[in-house]
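Hi everyone, thanks for coming.

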Amino acid sequence: MSVCPCRSLDQNKLPFEECCQPFLEGKKGPSTAEALMRSRYTAYVVKNIHYIADTQVTVKDEVFDKEEALKWAESSEWLGLLIKNTQKGGVEDKTGIVEFVASYKDKETGTELKHHETSLFTRENQLWKFKEGHIHGGQPVKRLEPKIGRNDPCSCGSGKKYKKCCGA
C-alpha cells in the first residue's frame, strides 16, 4: 500500500486504497469539495481521465477534451498538491471554493511547474462536481517547436534573418 498522492491528512499518511481509490472506482463519493479536489488531483496522477470527466458539471455545447487531459497527465510527473484555502464546501453546503497549487515536472523538459487555481464546486444530487476554475497567472505555455533565434532564417521563408523580417 502506498501513500495517496493527494496527501490527505498528511500526518496520517493514508494509503491510496483508503483515501482516493474508492472515489476513483465509484464505490463512494467525496463528502466535501476539498475531498473531490484531492481525488481529481489523484485522478491526474494515476491517469484516470474518466473520473475527471465524470466529476464535472456538464455544460451544454462544451466538450471536455479527454485526449488533451490525458496528454497533460502522461507528460507530467506529479510532485504534490497544496490546498491553500477553502470556503464552504462542507457536508451540508451546496457550493464550495478550493484554492490549490498542483506541482509537477514536465517530463520532456524537466522543468518544474505549478498549476495554481481557484475552483468552484457544486453539489448535484448529493454528489460534488467541479463547476469552473480560475487559473492564477495563466496556464504554463509549452512550446511545440524550437525557439527561433534572432539570427536564424525567418520561418516565413523570405530568406532573411528573423530579426530583419518577422522579428522586426
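Before I use it, some housekeeping. This is a predicted model, where local features need pLDDT of at least 70, side-chain atom pairs count only at pLDDT 80 or more, and totals for chains, interfaces and linings use all residues. Residues are numbered from 1 along each chain as its sequence is written, and side-chain values use heavy atoms, with hydrogens and water left out.

Okay, the sheet. Helices (H or I, at least four residues) and strands (E, at least two) are DSSP runs, numbered from the N terminus. Two strands pair if DSSP finds at least two bridges between them. Here, four strands make an open sheet in the order 1-2-3-4, with antiparallel pairing. Which strands are at the edges? Strand 1 (76-88) and strand 4 (127-135), and each pairs on one side only. Strand 1 and strand 2 are joined by eleven bridges; for instance, Gln87 has Ile97 in strand 2 as its bridge partner.

Now, what packs on this sheet? Helix 2 (residues 33-45) does, touching strand 1, strand 2, strand 3 (112-124) and strand 4. Contact here means heavy atoms within 4.5 Å. For directions, axes are lines fitted to C-alpha atoms, for helices over the stretch in contact, and angles run from 0 to 180 degrees between N-to-C directions. On that scale helix 2 makes about 170° with strand 1, while helix 4 lies across strand 1, strand 2 and strand 3 and runs at about 115° to strand 1.

Have a look at Ser39, which sits in helix 2. Is Ser39 buried or exposed? Its relative accessibility is 0%, so it counts as buried. Leaving aside residues up to four places away in sequence, Ser39 touches Cys20, Phe23, Leu24, Pro30 and Tyr51.

On to the aromatics. Rings of Phe, Tyr and Trp (its six-membered ring) pair if their centres lie within 6.5 Å; planes under 30 degrees apart are stacked, over 60 edge-to-face, and the rest tilted. By this rule there are seven aromatic pairs. Take Trp72 and Trp78: the ring centres are 5.1 Å apart and the planes are at 75°, so this pair is edge-to-face. Trp78 counts as buried at 14% relative accessibility, whereas Trp72 is partly exposed at 24%. Trp72 also pairs with Tyr104, with centres 5.6 Å apart and planes at 85°, so that is edge-to-face too. This second pair links distant parts of the chain: Trp72 is in helix 4 (residues 66-74) and Tyr104 in strand 2 (residues 95-106), 32 residues apart. Tyr104 is buried, at 4%. Put together, Tyr41, Tyr44, Trp72, Trp78 and Tyr104 form one aromatic cluster.

Last topic: salt bridges, meaning a side-chain nitrogen of Lys or Arg within 4 Å of a carboxyl oxygen of Asp or Glu. How many does the structure hold? Three. One of them joins Arg38 and Glu34, at 3.0 Å from N to O. Both lie in helix 2, four residues apart, about one turn of the helix. Arg38 is buried at 13%, but Glu34 is partly exposed at 27%. Another joins Glu68 and Lys71, at 3.7 Å, and both of these lie in helix 4, three residues apart.

That's it from me, thanks!

Conventions
Buried < 20%, exposed > 50% of the residue type's maximum accessible area, 1.4 Å probe, protein only.
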